[in-house]
Amino acid sequence: MDAAYNYWGANNRTAIDANISDINDNNGGNWVNYCPFWSSPAMNTFSWDCTRTRVDFISPANGSSQVGYNLTVNYTQLMVSIGDWYLDSTIIGTFNISNNSIRLTGLTMGWHTLCAQVSGVGNQQGNYCLSFQMTPFFPLVSITAPATNTVMATTQSSQMVSYTTSNVTSGYWLLNGANIGYLNLNASSVQVTGLQYGNNTICIVGLGLSNLVDTDCISIWRSYPPVSVTILDPLEGAIIYSQSVTVVYATANVTSATWYVDWVDVGPVQLNQTSRTFSGLFWGGHTFCISPMGLDGAHTEVCANVSLVTPPLEVQIVSPANGSSVPGTLVTIGYSVRNATSGNWTLNGTPVMSVTLWSQQVVILDLARGPNVICLEAFGLNGQSMSRCITIIGHNLDSDGDGVPDHSDNCPDTPPGTLVTSDGCTDPTSDIDQDGVPDLDDTCPNTPAGEIPDANGCGPSQRDSDGDGVSDADDACNNTAPGAAIDEQGCADSQVDSDGDGVFDDQDAFPLDPTQSDDRDGDGYGDNASGNSPDHFPDDGTQWSDFDRDGWGDNPLGNNADDCPTIAGVEDGELGRGCPPEPDEPEPPGNNTGNGTGGNQTGNQTAPDCPICGLDFNIPASAVVNGSVQFTANASMTLGAEFWGEHTLRWDFDDGSTATGENVSHTYLEMPNSRSHLVTLCVDFATGPEECLTRALAIKEASSTDDNNSEGDGSQQGTSGEGGSFIFAGLAALGAFMLGLFFASMVIMRLRRPDDAGDADVPDFNATLEVQETAEVDESGYEWMENPVGSGHWFYRDADTEEWTYWEQ
C-alpha cells in the first residue's frame, strides 16, 4: 500500500510506525510504504529516512584496519527476507536472517569489501557494504615486574623478571646491551643473573611477522656493598691512663684504608687484622682515624678522640664498716689500692706498718678499749696522695647482745630482746613477749602474740593441762587420763575413732578399717561379712578363708581343712571337702557322664550356686581425697566363668561414677558425710546371671597419712582386697594357702594311688590277649583301649609313649 507525501505527526520512523496499524500487514503479506514523508506540519521538507529493508553493520567500523587473517562482522537487519553475501564482489554465502554476525576466514592482507544484497517485503531491495583492511599481527612484549628503577639489595645478584608476549615468533634478552639468552614464548618469567653493582638495564626483544620488532626495557639498581668502619675501642672521649693506646677496629666491604694519628698518615690499615697499638705517645689529647675506600670510591674517615692522663690514686677500706666493734684487741681490715707507689697504716695517728700494695687484707693489733682510728695513707705518681680512715671500737664483746659489753655487764645471760639497765641486768619494765607480765615474773617469756596468758605469763600453746606432753593449743583431747599412751594429737585410744566407724580404737579390733571392728575368734580377720577381709569362720580361730566357697576352711592346719581349697568340691550333691578328678587325667571314650565332683562343665552339670566363688579382686581399705586409687578384679577362675564363660566386670564407686574392666582407677574429689563409700563390683555373665558384692572404702583427707600399709595383726585391711574377694590377704594367709595346697596334693596323691591291699586287683594290660585291634584316640591325643574287650577295664597312654596305664574309675 502506497501512502507517501503525508505528515504523520512525527519526523522519525519509529514514531510513525507506531501510528500505523499493522504497518507490515502481517496478515495480508503487504506493507505500508510512506516514503517520502513531510517532516513538519508546514509540509515544506521531505524526509527519506523511511526505507523499510535495511542491514546495519555494528563492528568493525567501516574503513578500519584489522590484524590477522580472520574477522567476525556483527550486524543488524530489518525486514529482510532473502539475500546473499559478497566478499570483494564474489558471492560467499546466503544471508541468514536468523543470525546477527558472519565469520570471515582466510583473509589476505590488504583492503576488502563485504556486501549484503538483500530483498524485503514489497520487493524492497538494498545493497549494504563494509570496507576494511587486514594487516599483519604486530609483536607486543612487556616487562610486568619488577618496576623500572627498582633498587636491589647488595647481596642480591639476580632478579626474577615477569613478562608478557603477543604476536611474537621469537625473541631474546639483553642485560646491559649484551645478549643473555633466547625468549621463552611458553613461559611468563625468567631469572636474570649476573647483575652488577650500580645500574643494570634489562630488555626484552620480541620478533614478529614481516620483520616487526618490539622492545621493552627496565632499569635495576643493585646497591653497592655498604662500607663500614668502626673503632670499637677506645670509645670517643675515652680517658686512658697510659702512654700506649691499642685501637680495636672492624671493617666491612673496605678495599683499602689509611691510618691517621693527629691527622698524620701513619700507614695503611691491615684489613686482615682487628687492632693496632700505638706507643710512645705524649700525655694529652690524640685523634685516631681510619680513612676507607670502597668499590664506589672514598668514604668519610672514622675517628676516635681520646685523652692520655696520669693514672689517679684509688684507695678504699672495704671492711669492716665504720664504727664497727670488735670483741678483742685486733681487727682484720679489707682494702684496695690502685696506681699507688707506696703507703702506710696508722693507728690513732701512729704509723704501725707499710701498705702491701699487692694484698687486700691486713690485721691491725693492739687496739685500745673504746674508739680507735685506723688510716691508710697512699702515695702515687706526680706527688699524688690519698688517705682513708675508719673508727673501730675495741674490747667490745657483748655475749648476750643486750648492748652492754661483757666487761661492764653484771648479767651476761640476758635473754635476747630484754630491756636492760646500764649494768646489763633486766629492767623491771621489760616485757619481751608483750603479754602484760613483766619479764622478771614471766615463766613463759615467749608467749605468741594474740594468746591470753595466765598469771605466770603462759599462753594456751605453752600450757599442758592434762600433763600428757602435748600443749593445750595442739591437744585434741585435753582430758587424757594420766599415764595413758597418746598419739601425736594428744589423744589416747579410748578417745579416738580413727576409722570413723563409731567404735573407739581401744575397743576396735581394726581401728583403721571402717568396715570391721569385731574379731570374736582373734584370728586377725573381721567378723563383718560385708567388710574388708571378712572372716568366713568368725568362731573358729584356725580358719578364716574359704577360696572356693564350699564351706571348708583353706588353712590345712586348721579345723575341717579343705582338701582342695581352690576348687569347690561336691559330696552327695552338696559343697564339700572332696576334690574333682585330676585336671590332666583323660576320660575314656563314651565315659563323659560327669561325676559331679569337679568344676568342669560336663553334660549333666548344673549352674553353680555361687557363680563368683573364686573371684580374685582388690578393693583397698581406704582412699585419700583427690588421690587416685587402684581397683583390680579377675573373674576368670570363678565357678560362673567356668560354667558360662564370657563375662564383664562393672564397678560402682558410690559417688555417681562407674567403670568397667579388670584394672581401673578412680579419684574421690570430696569427703562424704559418712567418711566412707560403698564400692560395688558386679560380674555379668553373658549367658548367665549378674552377681555383685559390696565393700566399704574409708575416705581420708589429703593431709592424712595413708593407713593402707599400717602394721598390726588383723589391721592390714584392704591392702590386697582379699577380704572382699575370694583370695588371701597378707603373707600369713598366702603361706597358709601354699601349705594347704601342698597337703591337699599329698592327700590327692594318696587317694589316687591304690593301697597295697588292692595292688593285686589292678588288671595287667599284658595278661590277656583279648584286646581291641585298634586303639581309640580322644580329642586330647590320648589312646584308649578296653582290655579285655567288654571287661570295663580301660587303659590309656600318651601318643609319644608305649606303656599303657590303667584308668581308675
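**Salt bridges and a charged patch**

In this predicted model, the count comes to five salt bridges, each a side-chain nitrogen of Lys or Arg within 4 Å of a carboxyl oxygen of Asp or Glu. Local features need pLDDT of at least 70 and side-chain atom pairs pLDDT 80 or more, while totals for chains, interfaces and linings use all residues. Residues are numbered from 1 along each chain as its sequence is written, and side-chain values use heavy atoms, without hydrogens and water.

User: How far apart are the closest N and O atoms of R520 and D539?
Analyst: R520 and D539 both lie in the loop between β34 (385–394) and β35 (569–571), so their pair ties together parts 19 residues apart in sequence. The closest N and O atoms are apart by 2.8 Å.

User: Is D527 buried or exposed?
Analyst: D527 meets R520 in a salt bridge (3.7 Å, N to O). Buried means under 20% relative accessible area, exposed over 50%, partly exposed in between (1.4 Å probe, protein chains only). At 16%, D527 is buried.

User: Which strand holds E690, the partner of R650?
Analyst: R650 and E690 form a salt bridge, with the closest N and O atoms 2.0 Å apart. R650 is partly exposed at 34% relative accessibility. R650 lies in strand β40, whereas E690 lies in strand β44 (residues 690–700).

User: What relative accessibility does D652 have?
Analyst: D652 belongs to strand β40 (residues 647–652). D652 gathers with D654, D655 and E670 in a surface patch of negative charge. Such patches take residues with over 30% relative accessible area and no salt bridge, joining like charges within 9 Å. D652 counts as partly exposed, at 35%.

Methods: Patches are made of residues with over 30% relative accessible area and no salt bridge: like charges are joined within 9 Å, nonpolar side chains (Val, Leu, Ile, Met, Phe, Trp, Tyr) within 5 Å. Accessible areas come from the Shrake-Rupley method with a 1.4 Å probe; for residues, only the protein chains shown count as cover. Lys and Arg count as positive and Asp and Glu as negative; His and the chain ends are not counted. The place of a charge is taken as NZ of Lys, CZ of Arg, CG of Asp or CD of Glu. Helices (H or I, at least four residues) and strands (E, at least two) are DSSP runs, numbered from the N terminus.
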